[in-house]
Amino acid sequence: FGSFAESTCAALVLVAASPDLKDSWAGQMYPMLISSAGIVVGLVTLLTQGIFYKVKDMPDVEKALKGILVISTVLMTPVVIYLSKWCLPEAFSMGPGYEHVKWWYCAVSIMLGLWSGLIIGYVTEYYTSHSYTPVREIAETQ
C-alpha cells in the first residue's frame, strides 16, 4: 500500500508543478483516475477470473493466480490509453528540459510498468513454485 500511495502522491506533485497541467482539472485528476481505475479493474478481474479459471482443487489455485495477473494487465492497458488521451493535452510541458511531453509518453510509461509487473510475476513464480524445475532441484538436494 505504501508504494501505491507514494507513487500517486508523487504523480500529483508532478502534475501540480507542470505549467500546462496545473490549470486543467482533468490533468490534475489524471493520477487519481489511473489509481481509481486500477481498483475498478481489479474488482472486474476478480469477477471474471472465475469464468476463465475455475478453482476446484489445490493445483488450480496457482493457475488462477497467474490468470488474475494476465486479466488485470490486459484490462488495464486500454483503460490507461483512454485516460491518458482524455485527461492530458496532446503535448505539454513538465518544466525546463521537458517542454514537449506527449500524452502517450505517460501512457507508455504506465503500460511498461503493467507489463513488466506481469513478466516479474511469471519469472518469480517460475523460480519459487514447486511446479517448476528450479525449486524441485533445490528440494531434491536437501
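**Exercise 1.** Determine how the span of α4 compares with the span expected at 1.5 Å a residue.

*Solution.* Step 1: α4 has 26 residues; helices (H or I, at least four residues) and strands (E, at least two) are DSSP runs, numbered from the N terminus. Step 2: The expected span is 1.5 Å times one less than the number of residues, and for α4 this comes to 38 Å. Step 3: From first to last C-alpha, α4 reaches 38 Å, close to that expectation.

The model is predicted: local features need pLDDT of at least 70, side-chain atom pairs count only at pLDDT 80 or more, and totals for chains, interfaces and linings use all residues. Residues are numbered from 1 along each chain as its sequence is written, and side-chain values use heavy atoms, with hydrogens and water left out.

**Exercise 2.** Which residues of α4 are buried, and what covers them?

*Solution.* Step 1: Apply the cut-offs: buried means under 20% relative accessible area, exposed over 50%, partly exposed in between (1.4 Å probe, protein chains only). Step 2: W103, C106, A107, M111, L118 and E125 are the buried residues of α4. Step 3: Their cover includes α2, α3, β1 (91–92) and β2 (101–102), where contact means heavy atoms within 4.5 Å.

**Exercise 3.** Describe how α3 and α4 are arranged.

*Solution.* Step 1: Two packed helices are described by the angle between their axes and the distance between the axes. Axes are lines fitted to C-alpha atoms, for helices over the stretch in contact, and angles run from 0 to 180 degrees between N-to-C directions. Step 2: The axes of α3 (residues 58–87) and α4 (residues 103–128) come within 9 Å and cross at roughly 175 degrees. Step 3: Angles under 35 degrees count as roughly parallel, over 145 as roughly antiparallel, 65 to 115 as roughly perpendicular and the rest as oblique; α3 and α4 are therefore roughly antiparallel.

**Exercise 4.** Where does α2 bend, and what do T45 and M76 touch?

*Solution.* Step 1: α2 bends by about 45 degrees at P31, the bend being the angle between axes fitted to the seven residues ending there and the seven starting there. Step 2: T45, in α2, is buried at a relative accessible area of 1%. Leaving aside residues up to four places away in sequence, T45 touches I68, I71, S72 and L75. Step 3: M76 lies in α3 and counts as buried at 8% relative accessibility. With the same exclusion of residues up to four places away in sequence, M76 touches I34, A37, G38, V41 and L114.
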